[in-house]
Structure formats: C-alpha cells, structure tokens
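Student: I would like to learn how to read a few features of a structure. Please take them one by one.

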Amino acid sequence: MKRTGGHGGGRYGDEGHHDLRHHGDADVGPGLLDLAVNVRGRTPPDRLLRRITDSLTDLGSYPDPERARAAVARRHRRDPRQVLPTAGAAEAFVLIARALNPRRAVVVHPQFTEPEAALRAAGHRVDRVVLSAPDFLLDPESVPEDADLVVIGNPTNPTSVLHPAASIAALARPGRVLVVDEAFADCVPGEPESLVPRTDLPGLVVVRSLTKTWSLAGLRAGYLLADPDLVARLTEAQPLWSVSTPALAAMEACVTPEALAEAERWARGLAEERRALSDDLGNHGLTVVPHARASFLLVKAVDGESLRLRLREEGIAVRRGDTFPGLGPEWFRVAVRDSRTRHALTRTLAQLMVT
C-alpha cells in the first residue's frame, strides 16, 4: 500500500533496501575535515571534562543512576520515575525494540536509521512513512491509523526540519506508543516544539541525547522520558549498569542551570552560522532543505554523489544521503561548524564548480 502527498505529505510501505547501520562516522577518514558527523566538537567543554575526570575516582564502584535520574527529572519538571538514563539515544531505541511487541511499527523517514534497525534486529516488521521534498514536513494523516508504534525525529536527522509540536502530538492515541527522537532539540533556542512538557499524551516516549551538543559521542549519554509504567518495562530490558559512572556524572553536569544557559547561547550562535552556511551553499547552486533548525543541513545537487566524492578528494568529508530511506545519491548532509570551517568548504566548492 502506498500513500502519496505533495507539500507536507508522504508515502508508506516497507519497500527498498538501505544500509541502516551506516552513520556519519563511516564517512570520515584520517586527515579529512569532518563535516559528516554532527557532534559539536572533538572534546567536551572544560567544565564538563573536569566533572567527568573527577568521576573516575569512583570506577571501583558499580554505577548508580539515581542522582542523574533525579537531576534530569528536575531539569524537565518530571517525576524521577518518568526518567530512564541510557547509553546514548541509540540504547533507548534498542530497549524499545526489545521491550515492546508492536503489531505494526511505523518509522517516519527520512530520519535517523537506528530506530528501524533496532526494531528489525528484534524481529519486528517495520513500515515506513516517507515524507516528501522539498520541505519534508509531517502530515499526521500520512501515518496509518492502525500503527501501534510510531517513531519520528524532531528536529529530524538528516533533514534538519523542526515539525510543529501540534503535528506530532496529533499522532498520539490510546493503544499507541509514540517515540519522538529529540536528540537535536537543544539546537533550537527555547526548544519551542519539544513534547517533553506534554505528560497528557498517551504512550509518549521522548528520547534525548547529550552526545551532540556536549561532544560526548564516545562516552554515550542520554535518557528517555515516559510514563512510569512504560519506563519500568523498558528498564527490565536494559542490561545492568549499562550507563557508566562517567556518563552519569556528565548527565548531571549537562542539566544544571549553568549548562542549560551555555547550551542556549550555543544554539543562538549556531542559528547564525547555519543561516550563513545555507546562504553560501545556495549561492553555489546547491539546494538546501528550507527552514533548517538543527546542527546540520541536508543538501541536494544534480551530481550530488560525484560532488561528495570530489569534496572527499579535496580533504572534506560530508555525510552521504543515500543510506536514509527516502533519499538518493543526489543528497548529502553537511554539519554546521564555525565560520572558518564554512569558508574552507565554500572555497573548495567554488573551485570544484568551475572544474
């Protein structure tokens, strides 16, 4: 069955093969300028790094997640029973796949492919709702009514599209688990479209990551928010001590008022750099998905695959797009960095466009 739409529409089905385990780190190589991975930097800020280092004196003890759980609960004004610390967002998707037994799981694409990969690895059939270019906006009616598990990102990786909270909330209903991947929500000043405050929505699971903004990809730190009964079910599927003591210390440090203020300042600066990069790419004849709000841009070129490979030859790595369901080789994703990095990219593009 297929459903199609134009502006804000989509189609659904489970056809097509993509390498769901391919991620941006696979597109990076020695000596390459990394615009493929959408982590903020190579190392965490000094203040956070000190907290992590201080926690190493406790490595002889088993990790205890309760302080981190309480800190996240305070940050989001939630009951600690509604919080589950995880080893990054990726573990949350594995727990969902292990603990639940959906009759019809639907993943809204293009988006981060680990949720679908985890569901398939657990033996679940997965249908896809594929949103349409150029804006990749969600139409809630494109999701099949009988889906009892729905997964969507917001802002969505790789499109950088921020869906209205009302559109995603319209997907919630009794008997359905609605998983919203908000790994990049803190890229948006004020997080206006986050569903974290919506404790009234049945079956809502919000997944958050700390690895992007705080440069913790190698440490694995994240959490999910859901009603206590669902958190308890997911906890049963989680291996003991899966979140390390340093990751738990980082989690506490990343949700303090000081850290949140720092993240907000970074998000505002990111918005300026993102606009400048989008303008530069457009000036070089590339099509950028409009209204981007995360730390990356999705770009289309007639010869996108060739351009990506030529950039690599010139020492710049961008993330290939054809491993995302709904995208083809003409698409690639570019991380938003500082102005110096942006200028290096645009200088290279200018050279490639005339050769």
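Student: Which residues does Asp-280 touch, not counting residues up to four places away in sequence?

Tutor: First, the ground rules. This is a predicted model, in which local features need pLDDT of at least 70 and side-chain atom pairs count only at pLDDT 80 or more, while totals for chains, interfaces and linings use all residues. Residues are numbered from 1 along each chain as its sequence is written, and side-chain values use heavy atoms, with hydrogens and water left out. Contact means heavy atoms within 4.5 Å. With residues up to four places away in sequence set aside, Asp-280 touches Arg-342 and Thr-346.

Student: Where does Asp-280 lie, and is Asp-280 buried or exposed?

Tutor: Helices (H or I, at least four residues) and strands (E, at least two) are DSSP runs, numbered from the N terminus. Asp-280 lies in helix α8, residues 257-283. Buried means under 20% relative accessible area, exposed over 50%, and partly exposed in between (1.4 Å probe, protein chains only). Asp-280 has 19% relative accessibility and so counts as buried.

Student: What joins the side chains of Asp-280 and Arg-342?

Tutor: A polar contact of 3.0 Å. The term covers a pair of N or O atoms within 3.5 Å; within protein, one must be able to donate a hydrogen and the other to accept it, and residues adjacent in sequence count only if both atoms are side-chain atoms.

Student: Which residues of helix α6 are buried?

Tutor: In α6, residues 228-237, they are Leu-230, Val-231, Leu-234 and Ala-237. They cover an arc of only 115 degrees around the axis, which puts them on the same side of α6. The arc is taken from the directions from the helix axis to the C-beta atoms. Exposed residues Asp-229 and Glu-236 sit on the face turned away from that buried side.

Student: What do the buried residues of α6 pack against, and which residue caps the N-terminal end of α6?

Tutor: They pack against strands β3 (83-86), β7 (177-181), β8 (204-209) and β9 (222-225), and against helix α3 (88-99). The cap is Asp-227, with a side-chain oxygen 3.0 Å from the backbone nitrogen of Asp-229.

Student: How is a pair of packed helices described?

Tutor: Two packed helices are described by the angle between their axes and the distance between the axes. Axes are lines fitted to C-alpha atoms, for helices over the stretch in contact, and angles run from 0 to 180 degrees between N-to-C directions. The axes of α1 (residues 46-55) and α7 (residues 245-254) come within 8 Å and cross at roughly 145 degrees. Among the residues that meet are Arg-47 and Leu-48 in α1, and Thr-245 and Pro-246 in α7.

Student: At what angle do α3 and α4 pack, and which residues meet?

Tutor: α3 and α4 (residues 114-121) pack at about 35 degrees, with their axes 8 Å apart. Phe-93, Val-94 and Ala-97 in α3 meet Glu-114, Pro-115, Ala-118 and Leu-119 in α4.

Student: How many disulfides does the structure hold?

Tutor: A disulfide is a covalent bond between the sulfur atoms of two cysteines. Here the criterion is a pair of cysteine sulfur atoms within 2.5 Å. The structure holds zero disulfides. Cys-187 is in no disulfide, and the nearest cysteine sulfur, that of Cys-254, is 14 Å away. Cys-187 counts as buried at 1% relative accessibility. Cys-254 is also buried, with a relative accessible area of 3%.
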